[in-house]
Amino acid sequence: MESDINKTPIHPKVLRLEAMKYGAFLGIITVALELLPKLWQSGAGILYFFAKTAICIWLLVFFTRKFVAAYDGLTRSHTFKFGMFTALFSALVVSAAVLVELKMMDNGAITDLVRSTMEAQGYVTEDMADSIGDMVIKLLPIFTFIMCFIKCFVIGLLAALVISRSIPGKSDNPFEQR
């Protein structure tokens, strides 16, 4: 266990910089975990999603403990903010990687997928499929970025809330301002 002599007090900018560093690392790990099933050419499904999420949450716990061990006078509010900012930066990295992957995809493949999905519904004419398909292709990158960001951030935010309650701090309320 580290002695309290080596610990330094926390400054809000330091908290955000530390969270940015760990968030970028967590985002890179998440992107790497996203690429694994693509390398194996297999669909792992929901089980893989839960395993990947568990690994990311474990890393968030590890980073938070490391952060708490490095600074003196941290409260649960600090650990929550650290987790929240880490989740934010990680979600940005993951969403940007998904956006890049989507932009690298062939538009023809996306168009065919949209068209076949709409034709499977049965009540869409070919002209409607073309116009809707064009609109979907234009909006798909931004929609995918936003939805991926929301998913990653909400999971990380919930994990940060739980982690901030379990990692020791002086305050019982993670939202308390000090």
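Me: Buried means under 20% relative accessible area, exposed over 50% and partly exposed in between (1.4 Å probe, protein chains only). What makes Glu-18 buried or exposed?

Reply: Glu-18 has a relative accessible area of 16%, which is under 20%, so Glu-18 is buried. Before we go on, this is a predicted model, where local features need pLDDT of at least 70, side-chain atom pairs count only at pLDDT 80 or more, and totals for chains, interfaces and linings use all residues. Residues are numbered from 1 along each chain as its sequence is written, and side-chain values use heavy atoms, leaving out hydrogens and water.

Me: Thanks! What does Glu-18 touch, not counting residues up to four places away in sequence?

Reply: Phe-67, Tyr-71 and Phe-82 are touched by Glu-18 (contact means heavy atoms within 4.5 Å). The C-alpha atom of Glu-18 is also 9.4 Å from that of Phe-63, although 45 residues separate the two along the chain.

Me: Why are Lys-21 and Glu-18 called a salt bridge?

Reply: The term asks for a side-chain nitrogen of Lys or Arg within 4 Å of a carboxyl oxygen of Asp or Glu. The N to O distance here is 3.6 Å, so Lys-21 and Glu-18 qualify. A search of the whole structure finds one salt bridge. Both residues belong to helix H1 (residues 12-40), and being three residues apart there puts about one helical turn between them. Helices are DSSP runs of H or I with at least four residues, strands are E runs with at least two, and both are numbered from the N terminus.

Me: How do you know that the charged end of Lys-21 sits over the ring of Tyr-22?

Reply: The test wants NZ of Lys or CZ of Arg within 6 Å of the ring centre and within 35 degrees of the ring normal. The charged end of Lys-21 is 5.0 Å from the centre of the Tyr-22 ring and is found to sit over that ring.

Me: What makes Tyr-22 and Phe-63 a ring pair, and of which kind?

Reply: The search finds eight aromatic pairs in the whole structure. In the pair of Tyr-22 and Phe-63, the centres are 4.6 Å apart and the planes lie at 20°. Rings of Phe, Tyr and Trp (its six-membered ring) pair if their centres lie within 6.5 Å; planes under 30 degrees apart are stacked, over 60 edge-to-face and the rest tilted. The Tyr-22 and Phe-63 pair is therefore stacked. Tyr-22 lies in helix H1 and Phe-63 in helix H2 (residues 45-70), so the pair ties together parts 41 residues apart in sequence. Both residues are buried. Ring pairs also link Tyr-22, Phe-25, Trp-58, Phe-62, Phe-63, Phe-67, Tyr-71 and Phe-82 into a cluster.

Me: And how is the whole chain built, and how many helices and strands does the chain have?

Reply: Five helices and two strands, in the order β-α-α-β-α-α-α along the sequence. Of the 178 residues in the chain, 33% are buried. Among contacts between residues at least 6 apart in sequence, 80% join residues at least 24 apart.
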